[in-house]
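User: I want to learn how to read side-chain contacts in a model. Can we work through them step by step?

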Amino acid sequence: MDLGLKDRVYVVTGGTRGLAAARELTADGARVVVSGLKLTPEAAAGVVEKLGGPEQAVVIQADNGDPQTPDRLINEARRAFDRLDGAFISVGGPPAGGVQSVTDEQWQSSYEMCFLGAVRLSRAFAAQLGDGGVIALVLSTSVYEPIPGLGISNALRPALAGYAKTLAGEVGPRGVRVVGMLPAYIGTDRQRELAGLYGGLDKATAGIPLRRFAEPEEFGRAAAFLLSPAASYITGSMMTIDGGARASF
């Protein structure tokens with residue numbers, strides 16, 4: 001199936017760690033502006049090469065918590081590709097810890113980065129997108145079920161899901177879609193680190209019906225579909241990508 005991604009332009013935030021979504025988008029002919037918090041010029045050049053070269057990708061250093069970042073990313077997409085069709089917003093994960101152990105400073109910094117940063121980004125993109133535009137926010141299965149030891153995430157992710165659903169209702173009449181992606185057990189460095197904290201990989205995968213972590217590209221393909229015109233009637237929805245681990249519907 002042709003997803004209709006050719007020559008469409010997407011901003012991918014927090015995309016320099018896994019690159020799964022950006023890789024699948026560019027593989028189907030889209031062009032991307034990818035941002036990351038910690039980037040050297042050498043690292044940025046390497047990411048551009050992985051994504052097909054400068055005709056398909058631009059990579060810049062940006063802090064999702066910075067109020068100036070949304071305008072920077074939008075302007076870069078217009079400058080580089082003279083177009084903007086959507087955004088994939090990933091703001092990273094807050095520190096682990098139960099709600100009784102995390103500090104006020106950790107709550108505040110996580111709110112600024114993970115919640116308010118995502119709100120600012122999505123709000124700015126929504127104002128710029130027209131009919132056919134789309135925003136995907138990367139959340140977590142903690143939207144539905146608290147994850148032990150991730151108190152901050154358990155509080156902020158459901159709040160963002162409510163925000164995303166509200167935004168979808170507001171921008172839908174203009175033909176703009178908003179979706180949430182709820183990953184768990186994706187084989188990223190962070191997920192493997194968390195598995196180590198709670199008994200190791202074997203214990204972590206024992207509760208997954210598919211009995212394995214997902215490969216990052218499996219998540220990336222789901223993202224590419226949701227961002228594409230092929231998903232043109234999907235909005236306000238939360239897609240769980242967890243190998244069946246979530247017990248509820």
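User: Is glutamate 76 buried or exposed?

Analyst: First, a caution: this is a predicted model. Buried means under 20% relative accessible area. Glutamate 76 has 16%, so glutamate 76 is buried.

User: Which side chain does glutamate 76 meet in a salt bridge?

Analyst: Start with the general idea. Side chains of opposite charge can pair when their charged atoms come close. Here the partner is arginine 79, at 2.5 Å from N to O. Both residues lie in helix H3 (residues 69-81). They are three residues apart, about one turn of the helix. Arginine 79 counts as exposed, at 58% relative accessibility. Glutamate 76, in contrast, is buried.

User: How many salt bridges does the structure hold?

Analyst: Five. One of them joins arginine 120 to glutamate 112. Their closest N and O atoms are 4.0 Å apart. Arginine 120 is buried, at 16% relative accessible area, while glutamate 112 is partly exposed, at 29%.

User: What about glutamate 218 and arginine 212?

Analyst: Their side chains also meet in a salt bridge, 2.9 Å from N to O. Glutamate 218 counts as partly exposed, at 27% relative accessibility. Arginine 212 is partly exposed as well, with a relative accessible area of 38%.

User: Which residues do salt bridges with shared partners join into one network?

Analyst: Arg8, Arg83 and Asp85.

User: Now the rings. How many aromatic pairs are there?

Analyst: The count is three. Among them is phenylalanine 88 with phenylalanine 219, an edge-to-face pair. The centres are 6.2 Å apart and the planes make an angle of 65°. Planes over 60 degrees apart count as edge-to-face, so the angle sets the label.

User: Where in the chain do phenylalanine 88 and phenylalanine 219 lie?

Analyst: Phenylalanine 88 is in strand S4 (residues 86-89), and phenylalanine 219 is in helix H8 (residues 216-227). They are 131 residues apart, so this pair links distant parts of the chain. Phenylalanine 88 is buried, at 6% relative accessible area. Phenylalanine 219 is buried too, at 10%.

User: Is the pair of tyrosine 111 and phenylalanine 115 stacked or edge-to-face?

Analyst: Stacked. The planes are 15° apart, and the centres 5.5 Å. The cut-off for stacked is under 30 degrees. Both residues sit in helix H4 (residues 104-128), four residues apart, so about one helical turn separates them. Tyrosine 111 is partly exposed, at 33% relative accessibility. Phenylalanine 115 counts as buried, at 17%.

Note on methods: Residues numbered from 1 in each chain as written. Predicted model: local features only at pLDDT ≥ 70, side-chain atom pairs only at ≥ 80, totals over all residues. Heavy atoms only, no water. Phe/Tyr/Trp six-rings, centres within 6.5 Å; stacked < 30°, edge-to-face > 60°. Helix = DSSP H or I, 4+ residues; strand = E, 2+ residues; numbered from the N terminus. Buried < 20%, exposed > 50% of the residue type's maximum accessible area, 1.4 Å probe, protein only.
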